[in-house]
Amino acid sequence: MSDFVHDGWSLYIAIITLLSLIACAVLLKALSTRKLSKGEQAGTTGHAWDEDLQEWNNPLPGWWMWLFYITIVFAVVYLVLYPGLGSFKGYLGWSSVGQYQDEQKEAAATFGPVIDRFLKQDVTVVAGDPQAREIGQRLFLNYCAQCHGSDAGGSRGFPNLRDGDWLYGGSPDSIRTTISGGRNGLMPPMGAAVGGGEDVRDVVHYVLKIAGRTHDGLRAQRGQAKFARVCASCHGADGKGNPQIGAANLTDDIWLHGGTEAAIAETITKGRISQMPAHKDFLDEGKIHLLTAYVLGISGQAGKK
Amino acid sequence: MLEPAPNNAPTAADVETSLYEVRKKIYVRAVSGWFAGWRVALVIATQLVFYGSPWLVWNDRQAVLFDLVARKFYIFGLVFWPQDFIFLTALLIISAYSLFLFTAIAGRLWCGYACPQTVYTEIFMWIERFVEGDRVQRMRLDKSSAGARKIGLKTLKHGIWIALSLWTGFTFVGYFTPIKVLAGEVAAWSLGPWETFWIFFYGFATYGNAGWMREQVCKYMCPYARFQSVMFDPDTLVITYDAARGEPRGSRSRTADAAAQGLGACVDCNICVQVCPTGIDIRKGLQYECIGCAACIDGCNQVMDKMGYARGLIRYSTENAVHGKYVDTEIPKHVVRPRVLVYSGLLVVIVLVFFGGLWLKNPLKVDVIRDRGAMMRDAPGGMIENVYRLQFINTDESARRYSVTVSGLQGLSLMLALPVEVPATTTRTFPVTVRGDPSLLKSGSHPIMFHVRDVERPDVRADESSRFFVR
């Protein structure tokens, strides 16, 4: 892709570059004086400093002059081989993108065999392999820990991956799909659908009730009907959620956006949008496989505790 | 603006016709004696260490190995990591102060006996003498026209030189690539490009410097050669020609009475010039080219012995002694002087610090990196959590197990399966969750400490600070 709007600019820059080179050569030629013959004395520059300090005007040594000519020759050779002359690509066809891709190929050739070995194994087998866990941890710390935390414990808005609770299901295939394709979690704002502020509070207390938390019994009773009408379509009549659409299980007392009364009320009123970005564009199959196994492994450990 | 005065203008005499002097080849005459014996001993000692140490084995690995790719540097029982760079600094400072001290006491001892340039030149001259014969034979050979014998001898000499140079290059690379692996690669003709380059580069440098460049390296290239003279003072031992005793010089018959002929002790045999590896005449006094090899002392002493004169016409003496400020026997008394005391004092301190540091070197290093994604998060039971990465560096050559505790705030608990195990000479990262009770803690950022202990060796420990955030 050329950065120039019009091809003429490329030509303009190329001509300026070439003219500069020629000008350098001409300047050099003009300034190089003839060699002194034996015994001949060079003149002075004609200036005097500090009353009698003068400077010889000897010709530049030949080897010195030649170094300058060599730089000009170097520039010409460089401009023929590498990009630099306007939008001319150079005969070697080098580009920084090409170099980057070459280095990626080299890295793939080095690490490919290690990862390919795991790619042939089932995810559950890989999850138990200590070497795979080490690689998986490094990948996790690189690509996942910024949101999910180094210990995969998550934080507000970013799911805890160790608690055995899954918005989109915890099977190896669902985890892989989540990592490679990403997820768009959407809880629509339901304040109006539920009713006013008091109606929202009723639903909050019903939600607290099914989560097994302390609640106001009367409010929960009032909220139950509204929950069945508005919320159950996604979260299910029993409130256990729906992994097909990422609707949260409301009965397990695990709260992605906070479990206080105020936080739940805000979730219902304003809704929540969360996004898990897709990783398939910059992680290859092998790395996603290892990450899937790693996440599966740590969630299993958490389950045992 | 003043017009230049014509009488001050540069004249033709000021113009330098050429800045380049063609080197006159120096044919060094072999010499034997006390100092030459020391040089042979030091050449053998230094080269035994250089050629030998890569082959030693320690802990089932090469005893001395600088693994640049893994950034681990093994020296016998010690493993250095890039974090231990300070030890290299200390070693270089010790080397520098040793150079200062030895030079202040007895001149360019380093140049004369231990410098690789001297050592390899010496070895190359042994080979040269073995192949081409002594000084006179070598000069005759070079003057003779090219013939089968000349070409044969020259080929043999350069052949041995190149073989030794390549072996030197191979040994050098053997400090960075395990030398037995390297030997296998050489045998299988499967050297990597960089290994090949360095073997040939180091080999070429050895061949060029010790075979061809020789004293020119000392005279024109070496910065140490120049700045060592700064360490000289009038009490520094230097190689000196005793002009008062030697002059007027002149040849005479062994039986003649020199005093009667009005001659000094110098028989003007030129041996001191012929044995000099830098081609100077020590009788002209101390010169910057002198590398302090003392070959002229050995050479002159042999002549003095033959003449039946006392030894020491050329000897180690000081400027003050030569000028008669004190006699030679009093020189040892003048060794102790402020300059020497300061150098020795500093050297002792740095050496003590260096070895103390090695003795106390902690085989465990810990870094705590706080998670930046979230300040804190809620945990079940109304608790709050902060997340950290604990990075362990185990520089020991055995797997170690560590316990971790945290302190600094009331009621903190650490969510980490203990003890953690770190394999030998490995870095491991452990994500750590620290849980606190917000009802016990004030809002804000609080300093906390992680304490890491080796389970089997309680003296191996590391304490690292971090922060704990409370909403």
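Helices, of at least four residues, and strands, of at least two, are DSSP runs numbered from the N terminus. The model shown in every view is predicted.

**Figure 1. Order of elements in chain A.** From the N terminus, chain A reads α-α-α-α-α-α-α-β-α-α-α-α-β-α. That gives 12 helices and two strands. The radius of gyration of chain A is 36 Å, whereas the globule rule gives 19 Å for 305 residues, so chain A is more spread out than a compact globule. The C-alpha trace of chain A covers about 115 × 50 × 45 Å along its principal axes. Buried residues make up 23% of the 305 in chain A. Of the contacts in chain A with a separation of 6 or more, 62% link residues 24 or more positions apart.

**Figure 2. Helix 9 of chain A.** This helix takes in residues 197-210, 14 residues in total. From first C-alpha to last it reaches 20 Å, close to the 20 Å expected at 1.5 Å a residue. A:Gly212 follows helix 9, with a positive phi near 80 degrees.

**Figure 3. What covers helix 9 of chain A.** Helix 9 is mostly covered, with 10 of its 14 residues buried. A residue counts as buried when 20 or more other C-beta atoms lie within 10 Å of its own. The buried residues of helix 9 are A:Val200, A:Asp202, A:Val203, A:Val204, A:His205, A:Tyr206, A:Val207, A:Leu208, A:Lys209 and A:Ile210. Their cover includes helix 8 (191-194), helix 10 (217-235) and helix 11 (261-270) of chain A.

**Figure 4. Chain B in outline.** Chain B holds 16 helices and 16 strands. Its radius of gyration is 33 Å, well over the 23 Å that the globule rule gives for 471 residues, so chain B is more spread out than a compact globule. Its C-alpha trace spans about 115 × 65 × 60 Å along the principal axes. Of the 471 residues in chain B, 25% are buried. Among contacts in chain B between residues at least 6 apart in sequence, 67% join residues at least 24 apart.

**Figure 5. Crossing of helix 4 and helix 8 in chain B.** The axes of helix 4 (residues 116-132) and helix 8 (residues 193-213) of chain B come within 8 Å and cross at roughly 75 degrees. Angles of 65 to 115 degrees count as roughly perpendicular, so helix 4 of chain B is roughly perpendicular to helix 8 of chain B. Helix 4 contributes B:Gln117, B:Tyr120, B:Thr121 and B:Phe124 to the contact. Helix 8 contributes B:Thr206, B:Asn209, B:Ala210 and B:Gly211. By class, this contact has three nonpolar, five polar and no charged residues.

Conventions
Residues are numbered from 1 along each chain as its sequence is written. Chains are lettered from A and ligands numbered from 1 in the order in which they are written. This is a predicted model: local features need pLDDT of at least 70, side-chain atom pairs count only at pLDDT 80 or more; totals for chains, interfaces and linings use all residues. The expected span of a helix is 1.5 Å times one less than its number of residues. A residue is buried if 20 or more other C-beta atoms lie within 10 Å of its own, exposed if 12 or fewer, and partly exposed in between; C-beta atoms are placed from the backbone. Two residues are in contact if their C-beta atoms, placed from the backbone, lie within 7 Å. The radius of gyration is taken over C-alpha atoms; the globule rule is 2.2 Å times the number of residues to the power 0.38. Axes are lines fitted to C-alpha atoms, for helices over the stretch in contact, and angles run from 0 to 180 degrees between N-to-C directions. Angles under 35 degrees count as roughly parallel, over 145 as roughly antiparallel, 65 to 115 as roughly perpendicular and the rest as oblique. Ala, Val, Leu, Ile, Met, Phe, Trp, Tyr, Cys and Pro count as nonpolar, Asp, Glu, Lys and Arg as charged, and the others, Gly among them, as polar.
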